[in-house]
Number of protein chains: 2
Amino acid sequence: MADRQVPLVVIKRLPRYLRYLGDLLDNKVYRVSSTELSDKMGVTASQIRQDLNYFGGFGQQGYGYNVELLYNNISNILGLNSGHKTIIIGAGNLGRALVNYGGLQKRGFEVIGIFDTNEDIIGTTHSGITILPYSDLQSFVKDNKPDIGVIAVPKANANDVAHDLVSCGIKALWNFAYVDLKLPEDVIVENVHLSDSLMTLSYCMADMEESKK
Amino acid sequence: MADRQVPLVVIKRLPRYLRYLGDLLDNKVYRVSSTELSDKMGVTASQIRQDLNYFGGFGQQGYGYNVELLYNNISNILGLNSGHKTIIIGAGNLGRALVNYGGLQKRGFEVIGIFDTNEDIIGTTHSGITILPYSDLQSFVKDNKPDIGVIAVPKANANDVAHDLVSCGIKALWNFAYVDLKLPEDVIVENVHLSDSLMTLSYCMADMEESKK
């Protein structure tokens, strides 16, 4: 697999490589040079070569990269071929949008359950997944052994839910609640903080207004 | 407002300061030292002082920070007090989740319209906002002058939608489609690429598995 010394900043760039390589494959392009990839992606060819060198000599002088091989290697590095059973906590608008989110399935994340405490929606079905009562969480996890819990509950409940998931044995969380979860060090947490993104946008707008004055 | 020399990495940290300061205000705490803030946020007191120094001397020796003043100053720096009229393109699960997303309103982003091309859902109302036909976009923008367009359409349509928005005069986009938009340099684009986040999570899991071997 990946060398553990790969800097996180390089890892963070891999999804973008994968996206462009996937687009090439969709267009039946099977060979690409670092210069061509550089033009498409708007980064320097030397950065591309440097980044991809971390993962062994996938490129060949005078031939370029084998797109399919590179795509598969990066997929493997990112663990996308492993298959991850995923459960979602919170079946509000966000939770339901995530059940329908094709990106999950495409990256090997299979949603096997969604949970809520709201009696009015428990038992209803979305994209083939029935909303279960939150009180069933523990027994469900015991029986089905999901790898990942998605936290799509309000901020005030997020830490409690995170602790429940961890105490059931789930070690990886995708957290949408706008709070820093306080958890043991061996739990992997990836945050999606939409408010932070919105404030960055807002700042850039304010800055642009200012620069016009 | 903000000095234009503030590094983006500091700007990116401001939302998190704002969140913690907001929590303090909610708990009626009106004064905080950099040491207390440091304990809560898990960053060093010296980083806090250094970051906040960019925005003038809000702290006082022996007193600490006035929480409300600091909160308001950071809000202003982030442009959150300006009020932004926002429209959403795409009324699928994601678009509808965003109409309902309280964070928008809370940060001064008022959703004034949502658009789709799907005849089956045009005319239906979500959180008080009626889905309008995409063909009305141009006249709506002319009459209502929104500042921000949110792109919540499939990847294949995202660049077309972005160009339509820009040609109507919208200069700031919040893009959820998994594609790099190709736009004039003066257009502000903030991307939320959920797939990238998911792949980072997946990589960290693969890496942890590997380290157990």
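Biologist: What rotation superposes chain A on chain B?

Modeller: A rotation of 180 degrees, with 0.0 Å of shift along its axis. The RMSD is 0.0 Å. That is the relation of a two-fold axis. Keep in mind that this is a predicted model.

Biologist: Which C-alpha of chain A is nearest the axis?

Modeller: That of Ala97(A), 3.4 Å from the axis.

Biologist: And what share of the contact residues of chain A recur in chain B?

Modeller: 100% of them, so the same surface serves both copies.

Biologist: How many residues are in contact?

Modeller: 63 residues of chain A touch 63 residues of chain B.

Biologist: What area is buried between the chains?

Modeller: About 5500 Å². Carbon and sulfur atoms give 64% of that.

Biologist: Which three residues of chain A supply more than any other three?

Modeller: Arg19(A), Leu198(A) and Tyr203(A). They supply 13% of the area that chain A buries against chain B.

Biologist: Switching to the sheets. In what order do the seven strands of chain A come?

Modeller: S6-S7-S5-S4-S8-S9-S10, in an open sheet with mixed pairing.

Biologist: Which strands stand at the edges?

Modeller: Strand S6 (125-126) and strand S10 (188-191) of chain A. Each has a single partner strand, so one side of each is left without a neighbour in the sheet.

Biologist: How does S10(A) run with S9(A), parallel or antiparallel?

Modeller: Parallel. Four bridges join S10(A) to strand S9, residues 172-175 of chain A. One pair to look for: Asn175(A) has Asn191(A) in S10(A) as its bridge partner.

Biologist: What about chain B, in what order are its strands?

Modeller: S6-S7-S5-S4-S8-S9-S10, again an open sheet of seven strands with mixed pairing. In chain B, strand S5 (residues 109-116) and strand S7 (residues 129-133) pair in the parallel sense over three bridges. Asp116(B) stands opposite Pro133(B) in S7(B).

Biologist: Back to chain A. Which strands does H8(A) lie across?

Modeller: Strand S4 (84-89), strand S8 (148-151) and S9 of chain A. H8(A) runs at about 170 degrees to S8(A).

Biologist: At what angle does H8(A) cross H7(A)?

Modeller: Roughly 35 degrees. The axes of H7 (residues 137-144) and H8 (residues 155-168) of chain A come within 10 Å. The crossing is right-handed.

Biologist: Which residues meet there?

Modeller: Leu137(A), Gln138(A) and Val141(A) in H7(A) meet Asp164(A), Leu165(A) and Cys168(A) in H8(A). The residues of this contact divide into four nonpolar, one polar and one charged.

Technical notes: Residues are numbered from 1 along each chain as its sequence is written. Chains are lettered from A and ligands numbered from 1 in the order in which they are written. This is a predicted model: local features need pLDDT of at least 70, side-chain atom pairs count only at pLDDT 80 or more; totals for chains, interfaces and linings use all residues. Side-chain values use heavy atoms; hydrogens and water are left out. Two strands pair if DSSP finds at least two bridges between them. Helices (H or I, at least four residues) and strands (E, at least two) are DSSP runs, numbered from the N terminus. Axes are lines fitted to C-alpha atoms, for helices over the stretch in contact, and angles run from 0 to 180 degrees between N-to-C directions. A crossing is left-handed if the near helix is turned anticlockwise from the far one by less than a right angle, and right-handed if clockwise. Contact means heavy atoms within 4.5 Å. Ala, Val, Leu, Ile, Met, Phe, Trp, Tyr, Cys and Pro count as nonpolar, Asp, Glu, Lys and Arg as charged, and the others, Gly among them, as polar. Copies are superposed by least squares on the C-alpha atoms of residues with pLDDT of at least 70 in both. Buried area is the accessible area (1.4 Å probe) that two parts lose on being put together, summed over both.
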